[in-house]
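Trainee: I am new to this structure and would like to learn how to read it. Could we go through it together?

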Amino acid sequence: MTQNWLGLDGKVAAVTGAGSGIGRAVAIALAEQGVSVVMLDRSLDSLTEAANAVSAVGPDPLLITCDVSDVASVENAASQAGAVDILVNCAGISRPGGIADVSVDDWNSVLDVNMNAYFFTSKAFGKGMLERGHGSLVHIASISGRNAQGNSGAYSVGKAGVLMLSQQLALEWSARGVRSNTVSPGLVRTPMTEAYYNVGDVAARRDKAVPIGRVARPEDIAQVVLFLASDRSGYVTGADIVTDGGFTTTLMSSVPRPGYDEK
Ligand code: NAP
């Protein structure tokens, strides 16, 4: 395998939510491959910190503060970015609340950032890709898009929407040279989820729940994004790569089955 097997050197990628967690790791991993990264997030402070890590391993990134849930802000960012080969949608939020109690504002906020924004960015950055006849869209979904995550407001609903948005984009745009795929992480330790890991033995229990033996690092997700961003996945579109260390294979383990217990 050659060093530049992915062939991403010289490409331009826009990454949303690039100031933190998975988006930050994606920006760094792309830069390591020689990609010029356009980093979008709503906070300039987090973008600046992440940009230092990106510059340390690859081309200096372009930083754009952008509220991805605001269509005008996204269109402005896309025009500032210029020609982009790859879009990675990572920005996301979570809000607690069961269906009986969640406020309409929290419900809508989650859908605005986690789903509607993915439509805004795909449309704004995809326009140039369609004109040039080449591009790759990679959206961070979640295993929660296929498995209802309780007491999390619209989180699962939004992720299910992203899975279908990506399939629809693939259906409509693949013949025009633009592929669309999702990555569905399982449990990942990031600033979004860090608070859970600091409670009692939650970190150890979460590691134990995953067949691979540990919760994911943001870099584990970024490596899968690289493949989908690159032409090495040129025949892959409308697909979802579940990247959960095997966690979603564990359903049958919760069923008591006397005589079949693990020795
Ligand atoms: P994170 O560390 O909180 O990063 C998300 C980034 O998106 C933050 O910098 C956040 O800014 C930014 N963002 C939020 N709303 C925005 C907006 N309106 N405009 C622009 N940027 C905005 O979270 P993460 O864990 O890396 O999550 C990345 C993606 O992976 C999300 O889509 C998440 O749903 C998904 N995911 C995460 C996990 C997990 O276990 N961590 C599992 C499955 C899927 P602020 O910090 O200012 O909010």
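Mentor: Here is a short walk from the whole chain down to single residues.

Mentor: Keep in mind that this is a predicted model, where local features need pLDDT of at least 70, side-chain atom pairs count only at pLDDT 80 or more, and totals for chains, interfaces and linings use all residues. Residues are numbered from 1 along each chain as its sequence is written, and side-chain values use heavy atoms, with hydrogens and water left out.

Trainee: How many helices and strands are there in the chain?

Mentor: Helices (H or I, at least four residues) and strands (E, at least two) are DSSP runs, numbered from the N terminus. Here the chain has 8 helices and 7 strands.

Trainee: What radius of gyration does the chain have?

Mentor: The radius is taken over C-alpha atoms, and the globule rule is 2.2 Å times the number of residues to the power 0.38. For 263 residues a compact globule would come near 18 Å, and the chain agrees because it has 18 Å. Along the principal axes, its C-alpha atoms fill a box of roughly 60 × 50 × 40 Å.

Trainee: What share of the residues counts as buried?

Mentor: Buried means under 20% relative accessible area, exposed over 50%, and partly exposed in between (1.4 Å probe, protein chains only). In this chain, 46% of the 263 residues count as buried.

Trainee: Which residues have the most contacts inside the largest nonpolar core?

Mentor: Such a core is a set of buried Ala, Val, Leu, Ile, Met, Phe, Trp, Tyr and Cys residues joined through side-chain atoms within 4.5 Å. The largest one has 67 residues, and Val26, Leu30, Met39 and Val88 have the most contacts inside it. Helix H4 gives the most to this core, with 9 residues.

Trainee: What does valine 26 touch?

Mentor: Contact means heavy atoms within 4.5 Å. Not counting residues up to four places away in sequence, valine 26 touches Val15, Val88, Cys90, Ala222 and Val225.

Trainee: Is threonine 121 buried or exposed?

Mentor: Threonine 121 is buried, with a relative accessible area of 1%. Its place is in helix H4 (residues 104-132). Leaving aside neighbours within four places in sequence, its contacts include Thr16, Val68 and Leu87.

Trainee: And where does valine 215 lie?

Mentor: Valine 215 lies in the loop between helix H7 (202-209) and helix H8 (218-229). Valine 215 is buried, with a relative accessible area of 8%. Beyond residues up to four places away in sequence, valine 215 touches several residues, among them Leu187, Tyr197 and Asp207.
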